[in-house]
Amino acid sequence: MLKFANAKINLGLHILSKREDGYHELETIFYPVKIYDVVEILPSEKLELKIWNSDLIADDQNLCLKAYYLLKQDHHIDPVKIHLLKNIPIGAGLGGGSSDASSTLELLNNYFKLNLSKNQLKSYAAQLGADCPFFIDNQAMYAQGIGTELSEIDVDLSAYQIVVIKPDIHISTAEAYRNVSPMTPSVNLKEAIRLPIQEWKYQIINDFEISLFDRYPVIGDIKAKLYEKGAIYASMSGSGSSVFGIFENLEGLEELNKYGKVYLPVNL
Ligand SMILES: C[C@](O)(CO)[C@H](O)COP(=O)(O)OP(=O)(O)OC[C@H]1O[C@@H](n2ccc(N)nc2=O)[C@H](O)[C@@H]1O
Ligand SMILES: Nc1ncnc2c1ncn2[C@@H]1O[C@H](COP(=O)(O)OP(=O)(O)OP(=O)(O)O)[C@@H](O)[C@H]1O
């Protein structure tokens with residue numbers, strides 16, 4: 001049994017306050033993008049994880065195994081072999097590990113016929129990471145709280161092409177949060193997203209950009225280059241380091257590969 005685990009981008013990201021537990025209250029809009037890992041579950045005598053195309057260590061800290069152990073606490077599930085083909089860059093703000101975790105929950109739910117509801121799966125996903133529950137819905141969602149309180153929002157970018165550039169910079173999410181200052185947003189994100197996309201440039205902000213562009217100027221350079229190449233809207237995604245641009249067409253973007261790895265949408 002196999003699942004293509006897509007990535008996500010953040011359309012706007014406001015860090016509102018820091019909580020007692022060290023997490024941050026935020027608001028953001030998650031949007032799925034056509035960059036995929038592949039997760040496969042196979043019958044096995046013993047639990048095993050194999051990873052391709054990545055130097056990730058296949059240990060118990062991997063989110064695919066964390067998802068397995070989490071379900072095993074409550075359900076009788078036999079050992080399986082999990083195959084993971086990585087393509088979503090790590091430390092990119094694209095939710096790759098989170099997507100793999102949620103995809104593993106869904107695959108195990110189907111493989112062992114656990115009949116878990118979407119809400120039950122989202123509850124398990126929230127225990128694996130703040131970005132994980134979104135991937136159970138896997139459609140444009142407005143997120144609050146630490147990122148796990150989700151509500152549908154009407155955003156449709158299917159008429160556009162989303163290009164992602166990943167510079168050779170790994171940013172840990174925790175590090176990014178340690179260096180960001182919560183602030184009261186000057187724009188209502190749910191209203192701004194309803195503006196014509198041509199106006200998003202001035203209204204829809206990722207609060208991580210201020211601190212991270214200062215520490216890694218090349219990320220800001222990539223954003224500027226995407227606009228130079230005709231992006232209607234461009235922004236760093238999540239806690240970085242990747243930057244995405246929304247285009248009407250993909251002509252003339254070859255030069256972007258000197259800034260990092262270019263990820264073009266894959267129409268499966
Ligand atoms: C930056 C975003 O990608 C925006 O979508 C998410 O907030 C991050 O979600 P994530 O990678 O799933 O984050 P987690 O794995 O849950 O947490 C990693 C670390 O990020 C910090 N963290 C995460 C989410 C949040 N709302 N506040 C935080 O301060 C915490 O230090 C936490 O220990
Ligand atoms: N299956 C996995 N794929 C990628 N990273 C994983 C996985 N399992 C555990 N990790 C760990 O999770 C951390 C973050 O992974 P992930 O790719 O989700 O972060 P990200 O790209 O920064 O996304 P975001 O910050 O938006 O959640 C990495 O440090 C990695 O070591």
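**Pockets, ligands and a cavity**

The second largest pocket has a volume of about 260 Å³, where a pocket is, on a 1 Å grid over the protein atoms alone, an open set of points at which a 1.4 Å probe fits, with protein on both sides within 12 Å along at least five of seven lines, and where a volume is the space filled by probe spheres set on the points, which are joined across faces, edges and corners. Of the 14 residues that line this pocket, Pro32, Lys34, Leu157, Ser158 and Tyr160 are the closest to its centre, a lining residue being one with an atom within 4 Å of a point. Strand E2 provides the largest share of this lining, five residues, and both E2 and strand E7 (161-166) supply at least two; strands (E, at least two residues) and helices (H or I, at least four) are DSSP runs numbered from the N terminus.

This is a predicted model, in which local features need pLDDT of at least 70 and side-chain atom pairs count only at pLDDT 80 or more, while totals for chains, interfaces and linings use all residues. Residues are numbered from 1 along each chain as its sequence is written, chains are lettered from A and ligands numbered from 1 in the order in which they are written, and side-chain values use heavy atoms, with hydrogens and water left out.

The largest pocket has a volume of about 1,100 Å³. Its lining comprises 46 residues, with Leu63, Ser98, Asp131, Thr173 and Ser239 nearest the centre, and the elements giving two or more residues to that lining are E1, E2, helix H1 (63-72), H2 and H5. By class, this lining has 20 nonpolar, 20 polar and six charged residues, with Ala, Val, Leu, Ile, Met, Phe, Trp, Tyr, Cys and Pro counted as nonpolar, Asp, Glu, Lys and Arg as charged, and the others, Gly among them, as polar.

Ligand 1 sits in the largest pocket, in the sense that more than half of its atoms lie within 2 Å of the grid points. It is surrounded by 17 residues, of which His24, Ala130, Asp131, Ile146 and Tyr177 are the closest; a residue is near a molecule if one of its heavy atoms lies within 4 Å of it. Polar contacts are pairs of N or O atoms within 3.5 Å, and oxygen atoms of ligand 1 lie 2.8 Å from a polar side-chain atom of His24 and 2.8 Å from an N or O atom in the side chain of Asp131. The protein covers 81% of the 640 Å² of accessible area that ligand 1 has on its own, by the Shrake-Rupley method with a 1.4 Å probe.

The space taken by ligand 2 is likewise the largest pocket. Around ligand 2 there are 21 residues, the closest being Lys8, Leu63, Gly97, Asp131 and Thr173, and helix H2 (residues 96-111) gives the most to this shell, with four residues. A nitrogen atom of ligand 2 is 3.0 Å from an N or O atom in the side chain of Lys86, whereas an oxygen atom of ligand 2 is 2.9 Å from such an atom in the side chain of Thr173.

Finally, a search of the whole structure finds one cavity of 30 Å³ or more, a cavity being a set of points where the 1.4 Å probe fits but cannot get out. About 40 Å³ of space lies in the largest cavity, whose lining includes Lys3, Phe4, Ser102 and Phe135.

How values were computed. Polar contact = N/O pair within 3.5 Å; in protein donor to acceptor, adjacent residues only side chain to side chain.
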